[in-house]
Amino acid sequence: MINNYIIYLVFGVIPFFAYAQEPPIQQNNKNPCFEKSTDTLPLNKAHKNVSYNLANNDNCKIENFDFGHCDKEFRYLSLPSKNGIDMVLVPMDCGDFPYRLYLLTIKDHQIHSKLYVEGEWYEPGNNENLIEKTYFTISKDFIITVTTEYDNNLTIKHYYLNQDGYLKEKTNNN
């Protein structure tokens, strides 16, 4: 009888401890809003007609997450990150133009920068053959080049990602 009692305790106590433990904390994913990017740098591709990921709104800890995007669900495309700074593309396709993407930089659970980097724009009712096209590239050094073509003119701007998570326009001084 004593042996049956000891066996009963062993089988009765072990499952209790297994269920009473807290789940392990994931150290490497402090903010599980976005999936990790599968892209590598340099990045030089268009993102028209792609399928977007949905942010995990339940676990997301971004303070100014509602910056005026179109849907209740936050759609995005992940880009490579740098030194704890996440970069995502967000569609702003709810207005007159179905193809407009903004680049957001996110650090310390806050959106630091928002920059229009890809899409098409035209003046409805006017010469709709005259389309402004904007596209971007990212170099291995995280230099973002935004090019806009309109009426046979090119406008090219370069941006860098500073250590605070902000996109700054590159000038001759920096």
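Two strands count as paired here if DSSP finds at least two bridges between them, the strands (E, at least two residues) and helices (H or I, at least four) being DSSP runs numbered from the N terminus. On that basis, the protein chain holds an open sheet of nine strands in the order β1-β2-β3-β4-β5-β6-β7-β8-β9, with antiparallel pairing. Because β1 (53–54) and β9 (167–169) stand at the edges with a single partner strand each, one side of each is left without a neighbour in the sheet. The model is a predicted one, in which local features need pLDDT of at least 70 and side-chain atom pairs count only at pLDDT 80 or more, while totals for chains, interfaces and linings use all residues. Residues are numbered from 1 along each chain as its sequence is written, and side-chain values use heavy atoms, with hydrogens and water left out.

**Overall fold**
- The secondary structure comes to one helix and nine strands, which run α-β-β-β-β-β-β-β-β-β from the N terminus on.
- Of the 174 residues in the protein chain, 34% are buried, where buried means under 20% relative accessible area, exposed over 50%, and partly exposed in between (1.4 Å probe, protein chains only).

**Strands β5, β6 and β7**
- Strand β5 (residues 110–121) runs antiparallel to β6 and is joined to β6 by three bridges, with Trp121 standing opposite Glu132 in β6.
- Thr147, which lies in strand β7 (residues 143–150), is buried at a relative accessible area of 8%.
- Leaving aside residues up to four places away in sequence, Thr147 touches Lys133, Thr134, Tyr135, Leu154, Thr155 and Ile156, a contact being heavy atoms within 4.5 Å.

**Salt bridges**
- Two salt bridges are found in the whole structure, each defined as a side-chain nitrogen of Lys or Arg within 4 Å of a carboxyl oxygen of Asp or Glu.
- In one of them, the closest N and O atoms of Asp39 and Lys45 are 2.9 Å apart, and Lys45 is partly exposed at 40% relative accessibility.
- Glu120 forms a salt bridge with Lys48, with 3.5 Å between the closest N and O atoms; this pair links distant parts of the chain, since Glu120 belongs to strand β5 and Lys48 to the loop between α1 (2–20) and β1, 72 residues apart.
- Both partners are partly exposed, Glu120 at 24% relative accessibility and Lys48 at 38%.
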